[in-house]
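Me: I have a model open and want to go through it with you. Can we take it residue by residue, then look at the whole chain?

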Amino acid sequence: MQKTGITGIILAGGKNARMGTEKALLKVGPHFIIEHISSALRIVSKEIIVVTLEPDKYARFGDRRVKDIMTGHGPLGGIHAGLASAGQPFALVTACDMPFVSAGLAALLIDNAAGYDAVVPFYRGFPEPLFALYSKSCLKAIEELLSNNRNKITGFYDQVKVNFINEQKMLEAETELAKVFFNVNTPEDLKKAQTMV
Ligand SMILES: Nc1nc2c(ncn2[C@@H]2O[C@H](COP(=O)(O)OP(=O)(O)OP(=O)(O)O)[C@@H](O)[C@H]2O)c(=O)[nH]1
């Protein structure tokens, strides 16, 4: 799997309202969720950046921690800050609440990046923008959206060239798609995740 050309970005600047505590720093099995994600990203990335408003909390995780540049815009603001500081031309972006993200699926996205600005899984009828590959070439379109206070994560997709990867193609790299895209948002989700390790 390739390491050249890819920055791993973990978005950890959310409010965690439904969980009531920092989701990334909860344990699933013996490891923190952010450790599960870092291990997968490490396989395909040259560097890992955590985007958070509280870098001290994440001092042990990732190679670098950066803050949102344009604050209060949700995940798209995090993608913007991560991409802006990425040292590589493409970034594999993940939410911080997906303990089962897969290096194999990440590699598939990377393998399908040539000629595109973004590579996005299309799963169960919807895009998965928070486990997706974005080029730094997306920055301008994202910045323009945020400047107009438009925060929908997929809002810039019509301004860039996106390669949507369908389920059939994803299954070539990863059979447990429901697990890979599982988010831990609530205490109930956390209980479920513990049974999935
Ligand atoms: N850097 C950054 N990340 C964000 C921001 N808002 C959300 N995220 C991250 O984006 C991902 C998806 O966030 P959500 O699950 O929609 O929101 P959340 O704040 O984590 O959780 P809730 O408050 O319960 O909705 C998570 O990894 C969040 O940490 C933000 O403003 N900045």
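Me: What is Lys23 in contact with, leaving aside its neighbours within four places in sequence?
Reply: Lys23 is in contact with Asn16, Ile33, Cys96, Asp97 and Val184. Two residues are in contact here if their C-beta atoms, placed from the backbone, lie within 7 Å. This is a predicted model: local features need pLDDT of at least 70, side-chain atom pairs count only at pLDDT 80 or more, and totals for chains, interfaces and linings use all residues. Residues are numbered from 1 along each chain as its sequence is written.

Me: Where is Lys23 found?
Reply: Lys23 is in the loop between β1 and β2 (27–28). Helices (H or I, at least four residues) and strands (E, at least two) are DSSP runs, numbered from the N terminus.

Me: Why does Lys23 count as buried?
Reply: Because Lys23 has 25 C-beta neighbours inside 10 Å. A residue is buried if 20 or more other C-beta atoms lie within 10 Å of its own, exposed if 12 or fewer, and partly exposed in between, with C-beta atoms placed from the backbone.

Me: Now Asp97. What does Asp97 touch, not counting residues up to four places away in sequence?
Reply: Asp97 touches Lys23, Ala24, Ile33, Asn183, Val184 and Asn185. Asp97 lies in the loop between β6 (90–95) and α3 (103–111), and is buried, with 26 other C-beta atoms within 10 Å.

Me: Which residues does UniProt list for "binding site"?
Reply: An unreviewed UniProt entry lists Leu11, Ala12, Gly13, Lys23, Asp68 and Asp97 under that name. UniProt positions are given in the numbering used here, feature names are shortened, and annotations may be inferred rather than shown by experiment.

Me: Leu11, then. Where is it, and what is it in contact with beyond four places in sequence?
Reply: Leu11 is in strand β1 (residues 6–11). Its contacts beyond that range are Val51, Pro75, Gly78, Ile79, Val93, Ala95, Cys96 and Leu130. Leu11 is buried too, with 25 other C-beta atoms within 10 Å.

Me: Which residues touch the most other members of the largest nonpolar core?
Reply: Ile10, Leu11, Leu92, Leu109 and Ala132, out of 56 residues in that core. A nonpolar core is a set of buried Ala, Val, Leu, Ile, Met, Phe, Trp, Tyr and Cys residues joined through C-beta atoms within 7 Å. Helix α1 (residues 33–44) supplies the largest share of this core, 6 residues.

Me: OK, the ligand. How many residues surround it?
Reply: 19 residues surround the ligand, and the closest are Gly13, Gly14, Ala17, Arg18 and Gly78. The criterion is a C-beta atom, placed from the backbone, within 6 Å of the molecule. Helix α2 (residues 75–85) gives the most to this shell, with 3 residues.

Me: Is α2 enclosed or open?
Reply: 8 of the 11 residues of α2 are buried, so it is largely enclosed by the rest of the structure. Among the buried residues of α2 are Gly78, Ile79 and His80. Their cover includes β1, β4 (47–51), β5 (64–66), β6, β9 (131–135) and α4 (139–147).

Me: And the whole chain, what does its secondary structure come to?
Reply: The protein chain has 7 helices and 10 strands. Of its 197 residues, 42% count as buried.
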